[in-house]
Amino acid sequence: MLRRHFKELEEFRATEKAGYKLLPIRFTALDEQRVVATNIVGQQAVLARDELRDVVEHRVNSGTPLYDDLKSKHFIYDDDSSIALELLGLKYRTKLNQVAQFTGLHIFVVTLRCDYSCPYCQVSRQTEDKAAYDMTEETADRALDMVFRSPNHALKIEFQGGEPLLNFPLIKYIVERAEELNEVYERDVQYVIATNLSFLDDEVLDFCKAYGVVISTSLDGPADLHNKNRPRPGKNGHAIVVENIKRVQSTLGRGQISALMTTTLDSLSRVREIIDEYVSLGLDEVFLRPLSPYGFAVRTGQIDRYNTEKWVEFFKEGLSYIIDINKNGYPLREIYSTIIMRKMLTPQEPGYVDLRSPAGIGIGAVVYNYDADVYASDEGRMLAEMGESKFCIGNLLSNSYEEIFGNDVLLDAIERSVTVSVPSCSDCAFLPYCGSDPVYHWATQKDVVGNKANSGFCQKNMGIFKHLITLLEDDEDAAKILRQWAI
């Protein structure tokens with residue numbers, strides 16, 4: 001007798017006539033007892049494994065709390081909620097709206113010169129006297145042409161280095177020229193200087209005040225840790241940055257300066273001290289960042305001194321401490337968690353380049369280097385400084401806007417970074433919160449997609465996603481604080 005390996009067609013038809021229909025759903029194990037399920041816009045439900053089986057086999061009874069929860073979150077719909085499909089489509093279009101807006105962040109590398117010699121530096125810095133590594137006004141003008149060709153109404157111009165204040169005259173030139181151009185284009189333009197604050201003076205402060213320029217700096221923790229991670233001549237980097245953070249706060253306002261840190265091996269056991277340093281300075285945000293696999297972090301072996309698992313534990317301890325600080329009345333946010341909370345709990349996309357699908361390279365952020373080369377991302381520039389120029393997408397002096405943003409390398413990487421079609425990503429419950437990061441995977445695996453099972457990017461984000469969802473589900477006080485961050 002011929003054995004049938006498939007059920008009769010009538011059985012599938014019977015399923016279609018059940019009391020509700022399933023909308024697209026993905027699920028991933030949260031722990032040994034539970035799974036987290038998400039829909040296409042990232043709404044989530046934490047279910048016991050048996051509950052998930054009941055859902056997909058149409059055994060959840062109408063009127064039960066589980067049924068109502070799944071229906072309200074667009075996991076299922078019935079004859080009374082056919083409008084759910086339209087609502088889900090509206091939410092999905094809202095999530096993808098950032099793609100149509102195109103490039104919002106424009107990074108100007110105005111110099112490679114720097115007074116620091118950080119062993120984890122992601123770029124190939126140059127000493128202060130090498131003016132050949134400064135951007136020219138001609139290059140800056142070409143870059144500004146590109147900035148205002150973007151259809152995005154909200155434009156951010158960020159000045160990086162090296163140490164950008166070593167070429168402060170060009171920063172002034174670019175901002176003043178951008179303001180002139182914007183009288184015609186009428187965009188919402190913001191300016192950020194990413195600086196170590198060594199060369200902050202009254203002229204810089206007066207200029208920042210006049211044009212609303214925001215300052216971003218680096219603070220790795222207490223004096224001994226900061227000075228070891230970020231050495232400079234005189235070994236006084238910590239004293240300088242602390243003094244000038246206070247100076248910016250008093251002159252420009254507390255909201256006009258932020259700081260971030262980078263985790264080295266020496267940082268792993270000191271996350272509470274690092275956070276205390278931020279609180280002592282009245283800062284309301286801290287970005288707990290791992291090392292990146294670029295530049296001096298690779299050449300000096302810093303990237304090999306701890307693994308992703310150890311950093312995730314560092315992150316969890318730090319987040320727990322930050323939540324305790326909030327419980328005691330001090331409003332401190334962890335930036336990466338805040339970005340993820342907004343992706344999880346709101347219909348808006350925060351636009352963070354590393355967590356976008358398709359990837360934010362080129363279409364979310366672009367880098368204009370001091371030498372007029374254009375890179376699809378800051379990490380792409382870092383790779384080029386290591387001798388790998390794959391993500392150089394053109395040159396300001398020889399390529400048009402169309403040639404740069406229509407570059408085949410860029411378009412191919414973007415196409416292959418759409419997570420719904422990426423192996424291992426397409427079935428993952430965390431897909432709505434994550435990205436593909438083709439530059440990271442090229443740097444670590446020489447493939448823009450990468451093998452996700454061996455991906456530190458994937459391991460890091462899955463660890464964070466699971467931890468945050470567990471807090472939302474199991475810790476009422478922590479959940480309240482995390483939800484406030486999403487607002």
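Residues are numbered from 1 along each chain as its sequence is written, and side-chain values use heavy atoms, with hydrogens and water left out. Because the model is predicted, local features require pLDDT of at least 70 and side-chain atom pairs count only at pLDDT 80 or more, whereas totals for chains, interfaces and linings use all residues.

Strands S2, S3 and S4 form an open sheet in the order S2-S3-S4, with antiparallel pairing. Strand S2 (26-29) and strand S4 (44-48) are the edge strands; each has a single partner strand, so one side of each is left without a neighbour in the sheet. From one strand to the next the twist averages 25 degrees. Helices (H or I, at least four residues) and strands (E, at least two) are DSSP runs, numbered from the N terminus. Two strands are taken to pair if DSSP finds at least two bridges between them. Strands of a sheet pair through backbone hydrogen bonds, either parallel or antiparallel.

S2 and S3 run antiparallel and are joined by four bridges; within this pairing, Ala29 has Val35 in S3 as its bridge partner. A hairpin through four residues connects S2 to S3. Strand S3 (residues 34-38) pairs with S4 over five bridges, again in the antiparallel sense. Here Thr38 stands opposite Gln44 in S4, and the bridge partner of Val36 in S4 is Val46. S3 and S4 also form a hairpin, with five residues between them, and Gly42 in the turn has a positive phi of about 95 degrees.

Burial was assigned from relative accessible area (buried under 20%, exposed over 50%, partly exposed in between; 1.4 Å probe, protein chains only). Five of the five residues of S3 are buried, so S3 is largely enclosed by the rest of the structure. Both faces of S3 are covered: on one side Arg34, Val36 and Thr38 are buried, and on the other Val35 and Ala37. In a regular strand the side chains alternate between the two faces of the sheet. Helix H2 (residues 49-56) lies across S2, S3 and S4 and runs at about 110 degrees to S4. Axes are lines fitted to C-alpha atoms, for helices over the stretch in contact, and angles run from 0 to 180 degrees between N-to-C directions.

A nonpolar core is defined as a set of buried Ala, Val, Leu, Ile, Met, Phe, Trp, Tyr and Cys residues joined through side-chain atoms within 4.5 Å. The largest such core has 131 residues, and those with the most contacts inside it are Phe108, Ile157, Phe159, Ile361, Tyr368 and Phe391. Helix H13 (residues 308-327) gives the most to this core, with nine residues. Another core, of 13 residues, lies apart from it and includes Ala45, Val55, Leu66 and Leu70. Not counting residues up to four places away in sequence, Ile361 is in contact (heavy atoms within 4.5 Å) with residues including Val353, Phe391, Leu410 and Ile414.

The search of the whole structure found 24 salt bridges, each being a side-chain nitrogen of Lys or Arg within 4 Å of a carboxyl oxygen of Asp or Glu. Asp115 lies in the loop between strand S6 (105-109) and helix H6 (137-149) and Arg232 in the loop between helix H9 (223-229) and helix H10 (237-252), so the pair ties together parts that are 117 residues apart in sequence. Asp115 is buried, at 4% relative accessible area, and Arg232 counts as buried at 17%.

Asp447 forms a salt bridge with Arg416, the closest N and O atoms being 3.9 Å apart. This pair links distant parts of the chain, 31 residues apart, with Asp447 in the loop between helix H18 (438-445) and helix H19 (456-474) and Arg416 in the loop between helix H17 (408-415) and H18. Asp447 is partly exposed, with a relative accessible area of 29%, as is Arg416, with 36%. In the salt bridge of Asp78 and Lys71 (3.4 Å, N to O), Asp78 counts as buried at 11% relative accessibility and Lys71 as partly exposed at 25%. Asp31, Arg34 and Asp474 are linked in a network of salt bridges.
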